[in-house]
Amino acid sequence: MSDLSNKNKILMRRVYEEMWNGGKPTLAAELFTQPEGVEHFVSQFLRAFPDLQHTIEGMIAEGDEVAVRFSASGTHQGQWQEFAATGKSIHYTGVTLARIAGDKIVEHQTWWDKAALIEQINPNR
């Protein structure tokens, strides 16, 4: 693996281990070129799922691109979208594709199983 690919994997690991698992949404400013939306999303999500923990299931890096396959588990302890806290345990999976330049994430897309999460906390199911 190239030094660049290894360095980029370390950066992506920080997203999951420090920002998400460490509960530090403000770390987005250090990790992303456009951190505002990321910081807002992570803050909101961690208010609803304060014990959320991500596990990196796999990671592939080539040059300036990194793909991460992850799972996440936690407890629904606060309002999220239209769903009041349920106290229910949740688990979902997802994938993030990112492009890194200048030691920051310049582009990223995350696909996660939002439908599975909603099914787990929906009081009408």
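**Note on the strands, aromatic pairs and core**

1. Strand β1, which covers residues 53-62, and strand β2, which covers residues 65-75, run antiparallel and are joined by nine bridges. The model discussed here is a predicted one. Within this pairing, isoleucine 56 has phenylalanine 70 of β2 as its bridge partner. Two residues lie between the strands in the hairpin of β1 and β2, where glycine 63 adopts a positive phi near 60 degrees.

2. The β2 strand also pairs with strand β3 (residues 89-101), again in the antiparallel sense, and eleven bridges connect these two strands. One example to locate in the structure is glycine 74, whose bridge partner in β3 is isoleucine 90.

3. Turning to the aromatic residues, the count of aromatic pairs comes to twelve. In one of them, the rings of tyrosine 16 and phenylalanine 70 have centres 5.3 Å apart and planes at 35 degrees, so this pair is classed as tilted. Because tyrosine 16 belongs to helix α1 (residues 3-20) while phenylalanine 70 belongs to strand β2, the pair ties together parts that are 54 residues apart in sequence. Are tyrosine 16 and phenylalanine 70 buried or exposed? Both of these residues are buried.

4. Another aromatic pair, formed by tryptophan 80 and phenylalanine 83, is stacked, with 6.5 Å from centre to centre and 20 degrees between the planes. Tryptophan 80 and phenylalanine 83 are both buried, and both belong to one aromatic cluster that also includes Trp20, Phe41, Phe45, Phe49, Tyr92 and Trp112.

5. The largest nonpolar core contains 32 residues, and those with the most contacts inside this core are Met12, Met19, Trp20, Phe49 and Leu52. At least two residues of the core are supplied by each of α1, α2 (28-31), α3 (35-48), β1, β2, β3 and α4 (114-121). Which element gives the largest share of this core? That element is α1, with six residues. As general background, nonpolar side chains in soluble globular proteins tend to be buried together.

6. If residues up to four places away in sequence are left out, leucine 52 touches Trp20, Asn21, Phe45, Leu46, Ala72, Ser73, Gly74, Ile90 and Tyr92.

Definitions and conventions
Residues numbered from 1 in each chain as written. Predicted model: local features only at pLDDT ≥ 70, side-chain atom pairs only at ≥ 80, totals over all residues. Heavy atoms only, no water. Pairing = 2+ DSSP bridges. Helix = DSSP H or I, 4+ residues; strand = E, 2+ residues; numbered from the N terminus. Phe/Tyr/Trp six-rings, centres within 6.5 Å; stacked < 30°, edge-to-face > 60°. Buried < 20%, exposed > 50% of the residue type's maximum accessible area, 1.4 Å probe, protein only. Core = buried A, V, L, I, M, F, W, Y, C linked by side-chain atoms within 4.5 Å. Contact = heavy atoms within 4.5 Å.
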